[in-house]
Amino acid sequence: MVRQAKSAYWQNVVDQAVARADGASVPFFSLAPMEAVTDTVFRRVVEQAAGPDVYYTEFTNARSVAHPKAQQSVQGRLFVTSDEQQPIAQLWGNRGEDFSSSIPELKKLGYQAIDLNMGCPDPTVVKNGGGSDLIRHFDDAKTVIAAAKEAGLPVSVKTRLGFNDFDTYKTWLPFLLEQDIQVLTIHLRTREEMSKVPAHYEVIDEIVKMRDDISPATLLQINGDIKTRAQGLQLVAEHPGVDGVMIGRGIFANPFAFELEPVEHTLAETLALLRMQLALYDEFTETIGPRSFQKLKRFFKIYVRNFARASELRVALMDTKNTTEVRALLDAFDAEYQEVEA
């Protein structure tokens with residue numbers, strides 16, 4: 001049964017997921033918001049490979065969005081091209097006034113939904129009262145959610161099971177469900193566990209019951225250790241009541257993770273995605289401003305793997321200093337590869 005969402009925005013997400021699956025009752029799939037990863041460049045590469053139903057921005061400090069001295073610093077995080085699917089803006093912070101002032105600005109930029117980060121384990125974010133620190137401060141979380149709703153956009157929350165104590169989910173998740181949020185996305189680990197232990201799938205059914213008892217129309221999305229669409233579908237089949245599946249690190253193992261029907265992809269297809277990312281990276285640098293080339297290197301392992309001499313090529317790519325050098329290496333590899341194949 002397809003659940004009825006609390007807003008037209010999220011109902012459209014649910015309906016489009018079903019339409020893409022030719023009318024089958026399936027969960028919606030999303031690409032997790034990841035720092036220095038899910039910007040406009042990588043979102044468009046993923047869309048070219050096999051796009052999910054929902055994208056999110058990198059997490060952005062709510063205070064910076066409307067602050068005149070900080071707006072420029074978050075411009076790249078929030079940039080969306082006219083030809084890409086509009087992502088959901090993910091914000092972090094612990095002061096209601098920052099969300100009251102920032103979300104109207106996001107509306108002007110075309111954002112149609114907001115997600116609140118209440119799960120990030122980064123020490124700097126936690127030190128500043130954001131991310132998973134809100135798990136320890138229910139009052140601040142309530143204030144932030146209420147302030148985020150003021151602009152009239154659908155508000156969802158992404159969180160973890162607890163901060164240090166695993167059993168925190170028994171009070172924390174019911175509290176969030178009582179706040180009348182659109183979607184509750186749960187990374188099935190605590191902040192202390194980071195990603196060092198397997199996701200706690202054993203509590204999914206209990207969480208579904210919490211949702212059904214407290215806020216039946218809130219969509220429930222699961223995150224943690226899910227690497228492909230097929231794996232997500234299997235998880236939902238085993239735990240009826242889950243509405244959405246979020247894939248994060250799985251995209252680094254397979255850029256085609258969201259494809260409806262898995263197929264074998266050629267080396268040429270995979271390296272074409274890398275060339276596309278290089279082109280979009282250069283385009284971004286020219287129009288918005290420079291981004292760290294060092295951070296771009298973390299993407300090379302997505303495309304350069306599982307073929308002869310992949311390790312050798314990857315090591316060489318890590319020594320490059322700009323996209324021109326990367327292209328030169330790829331061209332040389334292509335020439336040698338075609339010669340061997342011939």
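Predicted model: local features only at pLDDT ≥ 70, side-chain atom pairs only at ≥ 80, totals over all residues.
Residues are numbered from 1 along each chain as its sequence is written, and side-chain values use heavy atoms, with hydrogens and water left out.

Let me begin with the sheet, which is open, has eight strands in the order β1-β8-β7-β6-β5-β4-β3-β2, and shows parallel pairing. Because β1 (28–31) and β2 (60–61) stand at the edges with a single partner strand each, one side of each is left without a neighbour in the sheet. When I say strand, I mean a DSSP run of E with at least two residues, and a helix is a run of H or I with at least four, both numbered from the N terminus; two strands pair if DSSP finds at least two bridges between them.

Is strand β4, residues 114–118, mostly covered or mostly open? It is mostly covered, since five of its five residues are buried, where buried means under 20% relative accessible area, exposed means over 50%, and partly exposed lies in between (1.4 Å probe, protein chains only). I114, L116 and M118 are buried on one side, and D115 and N117 are buried on the other.

Turning to the helices, α1 (residues 8–20) has 13 residues and reaches 18 Å from its first C-alpha to its last, close to the expected 18 Å, a span defined as 1.5 Å times one less than the number of residues. Its buried residues are Y9, W10, Q11, V13, V14, A17 and V18, and what covers them includes β1, β5, β6 and β7, where contact means heavy atoms within 4.5 Å. After α1 comes D22, whose phi is positive, near 55 degrees.

I will finish with salt bridges, by which I mean a side-chain nitrogen of Lys or Arg within 4 Å of a carboxyl oxygen of Asp or Glu. How many does a search of the whole structure find? The search finds 23. One of them joins the side chains of E97 and R95 at 3.7 Å, N to O; E97 is partly exposed, with a relative accessible area of 48%, and R95 is also partly exposed, at 32%. These two belong to a network of salt bridges that links R63, R95, E97 and D98.

In helix α9, D213 and K209 form a salt bridge whose closest N and O atoms are 2.8 Å apart; the two are four residues apart, and are therefore separated by about one helical turn. Both D213 and K209 are exposed.

Because E336 lies in helix α16 (residues 323–341) and R309 in the loop between α14 (300–303) and α15 (310–318), the pair ties together parts that are 27 residues apart in sequence.
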